[in-house]
Amino acid sequence: MTKTTEQLLKILEQFQLEDKAVSATPFGNGHINDTLKVTTGKGESKYILQRINHQIFTNVDMLQNNIRVVTSHIRQKLEEQGEKDVDRKVLTFIPTKDGKSYYFDGDSYWRVCLFIPRSKSYEEVTPELSYEAGKAFGDFQAMLADIPEGELGETIPNFHNMEFRLEQFHDAIKNDDAGRLDEVKDLVEEIEKRTKSMCIQEELHREGKLKKRINHCDTKVNNVMFDEEGKVLCVIDLDTVMPGFVLSDIGDFIRTGANTGAEDDENLDNVNVNMEIFKAYTRGYMEKAKSFLTPLEISFLPYGGRLLTYMQTVRFLTDYINGDTYYKIHHPKHNLQRTKAQFKLLQSLEQHAEEMDNFMKQWL
Ligand code: ADP
Ligand code: GN1
Ligand code: MG
């Protein structure tokens, strides 16, 4: 439900804001939450207001508790390191007037954080920005590695569990709720061909060879904030930070950052893997993550790119078959278009698999 500015300002009044808000306008390109930039009387962008998608994040208390644990853990580490610019290096959430981390208006859940001044996010990156982002996500995982097990909940259970995503896919096919199955038969077949090879992580985990770590789980390039000089400030969009398999956090960056086209590109010729971006991200990531990754995990990093791209293909197609119940869409065939573009990227990653594996040898 769209809110008027007046309604949004009423919601903002519930929070302990230092400066009075005068406007709130839609911001960013997220598919899940609604993000608004809040401006004060002085014309300054001061806050970010977000409506949490509680159809998807059903346990808002768990979600907000995870974010509190993660941001305070990082804040403490930054302070210990003598960091001067802490407020631009980690998100700062503003409590409500009654001390809660979110406000429920009887219909939606809202939260507010500080707008990071002089910051920028990108939909496309250069090798330099990609290297910086690799360091940022490697560092993020390293900083969270000592959070005791059990302290963070799974905000979306089985979020990056490939076996579970395929179960959802097969349910969608069985039900064919929107009557779209005929139209997507070829894509379904391509997905089926790869099911076994894409569930290796779950298999290795059962065999005790792969452990879970705390991951960001949404390492899209637009979830990294950079400063004016192209240095990383911090990673944002912390809703999906949870225990999972380490490949998530390289895989989603390769999927989004190392794509020469857009996630939903209409022209599939635009979509290919950009090897320079892959190499730069991996170099940055390995600088920070080498100390905690096992040789098995290191050798699997390029597979992570294929896996997350395959997973996203499956998720978009599942949503299309279900009749677009999960992702925000901008036109009726959007999820199909996204599926095709992601599948094209997967094919390109498959063609470059050997080259990517060879690149990893310097760390093995
Ligand atoms: P979504 O879940 O919708 O992706 P995000 O938290 O990633 O939401 O926010 C969407 C976009 O808004 C980001 O890509 C970023 O450009 C911008 N943004 C979010 N939080 C901040 C912030 N604290 N300061 C500045 N920009 C932000
Ligand atoms: C969603 O919130 P956003 O737009 O950054 C999704 C990710 C997908 C991504 C695809 C909670 O991320 O898992 O990879 O869209 N988030 C959730 O673009 O499902
Ligand atoms: Mg985001």
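Predicted model: local features only at pLDDT ≥ 70, side-chain atom pairs only at ≥ 80, totals over all residues.
Asparagine 223, for its part, is buried at 4% relative accessibility.

## Cysteines without a bond

A disulfide is a covalent bond between the sulfur atoms of two cysteines, and the structure holds zero of them. For cysteine 113 the closest cysteine sulfur is that of cysteine 234, and because the two sulfurs are 9.2 Å apart, they are too far from each other for a bond. Cysteine 113 is buried, with 6% relative accessible area, and cysteine 234 is buried as well, at 4%.

## Salt bridges

Side chains of opposite charge can pair when their charged atoms come close. Across the whole structure, 28 salt bridges are found. One of them joins glutamate 297 to arginine 213, with the closest N and O atoms 2.8 Å apart; this pair links distant parts of the chain, since glutamate 297 belongs to helix H10 and arginine 213 to strand E7, 84 residues apart. Both partners are buried, glutamate 297 at 2% relative accessibility and arginine 213 at 14%. Elsewhere, salt bridges with shared partners connect Glu18, Asp19, Lys42 and Lys46 into one network.

Within helix H4 (residues 127–144), lysine 135 and glutamate 132 stand three residues apart, about one turn of the helix, and their side chains form a salt bridge with an N to O distance of 3.7 Å. Glutamate 132 is buried, with a relative accessible area of 10%. Aspartate 85 and arginine 88 form another salt bridge, at 3.0 Å from N to O, in which aspartate 85 is partly exposed at 27% while arginine 88 is buried at 10%.

## A buried arginine without a partner

Arginine 306 lies in helix H10, which covers residues 295–322. Although arginine 306 is buried, it has no salt bridge, and the nearest side chain of opposite charge, that of aspartate 357, is 5.0 Å away, whereas a salt bridge calls for a distance within 4 Å. Leaving aside residues up to four places away in sequence, arginine 306 touches Met198, Leu346, Leu349, Glu350 and Ala353.

Methods:
Residues numbered from 1 in each chain as written. Chains lettered and ligands numbered in written order. Heavy atoms only, no water. Disulfide = S-S within 2.5 Å. Buried < 20%, exposed > 50% of the residue type's maximum accessible area, 1.4 Å probe, protein only. Helix = DSSP H or I, 4+ residues; strand = E, 2+ residues; numbered from the N terminus. Lys, Arg positive; Asp, Glu negative; His and termini not counted. Contact = heavy atoms within 4.5 Å.
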